[in-house]
Amino acid sequence: MSPPSRRLQTKPVITCLKTFLISYSLIFWFTGVILLAVGVWGKVSLEAYFSLASEESTNAPYVLIGTGATIVIFGLFGCFATCRGSPWMLKLYAMFLTLVFLAELVAGISGFIFRHEIKAKLGVAYKNAVKSYNSTDTSSSAVDAIQRTLLCCGVQSFTDWNETAYFKEKGIPASCCKDNAKCSQETLKDLDKAEKEVYTTGCFTRVTNAMEANLGIIAGISFGIAFFQLIGIFLSCCLSRYITNNQYEMV
């Protein structure tokens, strides 16, 4: 049995570690809530964008929802394990944080390495949607939604519509118009006249330019969130060790 003075020195350290770990777990829980909310928002609001890639079978919103829900549950588990002071629960929490860290690291590196391939696939999907546009099917509705939301037209430029069967029949889609009142069918069938009344920047160009301009910020945030897990792993392991040693010293 160790001297009482040593046990008294250990208890403040345990209390301090518990405070930090509970604070961390609450922040971790909050990030889970944010991911969950973003996943639900993406599923509801960005359905048009994802439907264009239906051939690629994207499940991004469901991945975010599932990840967010899991983090919410384990964030609460981390608070419970910390308050309970259970070494095995804290080790389990540290193991989960390690898995989250590795998954985020792999996802971030993969996304950066294969960014050009991902961009190319999105470009092909959007080109196919524009080429087969008929204003009635799901992919056509997605194209209209994207053009209205991003204030853009076509893939690289509004002139892309000149190569489609829809243009030969009805001209550029009305979703490209800056002001529908000024867009007559005669105007939309003439590229020179339409240039003044429709958005000229391509949708794919607008999206990729925005992504590339903010790539450094996106990468920094992603890796920052990933390495944030290391703090929780460190705190969990330290607290588990101190509690185990304190219990051993009391015997």
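Tutor: A disulfide here is a pair of cysteine sulfur atoms within 2.5 Å. By this rule the protein has three disulfides. The model is predicted, so local features need pLDDT of at least 70, side-chain atom pairs count only at pLDDT 80 or more, and totals for chains, interfaces and linings use all residues. Residues are numbered from 1 along each chain as its sequence is written, and side-chain values use heavy atoms, with hydrogens and water left out.

Student: What makes Cys152 and Cys203 a disulfide?

Tutor: Their S to S distance is 2.0 Å. The cut-off is within 2.5 Å, so the pair counts.

Student: Why is the disulfide of Cys152 and Cys203 called right-handed?

Tutor: The torsion about its S-S bond is about 95°, so it is right-handed. The disulfide of Cys177 and Cys183 has about -125°, so that one is left-handed.

Student: Why is Cys203 called buried?

Tutor: Buried means under 20% relative accessible area, exposed over 50%, and partly exposed in between (1.4 Å probe, protein chains only). Cys203 has 2%, so Cys203 is buried. Cys152, at 0%, is buried too.

Student: Why does Cys16 count as partly exposed?

Tutor: Cys16 has a relative accessible area of 39%.

Student: What makes Cys153 and Cys176 a pair?

Tutor: Their sulfur atoms are 2.1 Å apart, and they form a disulfide.
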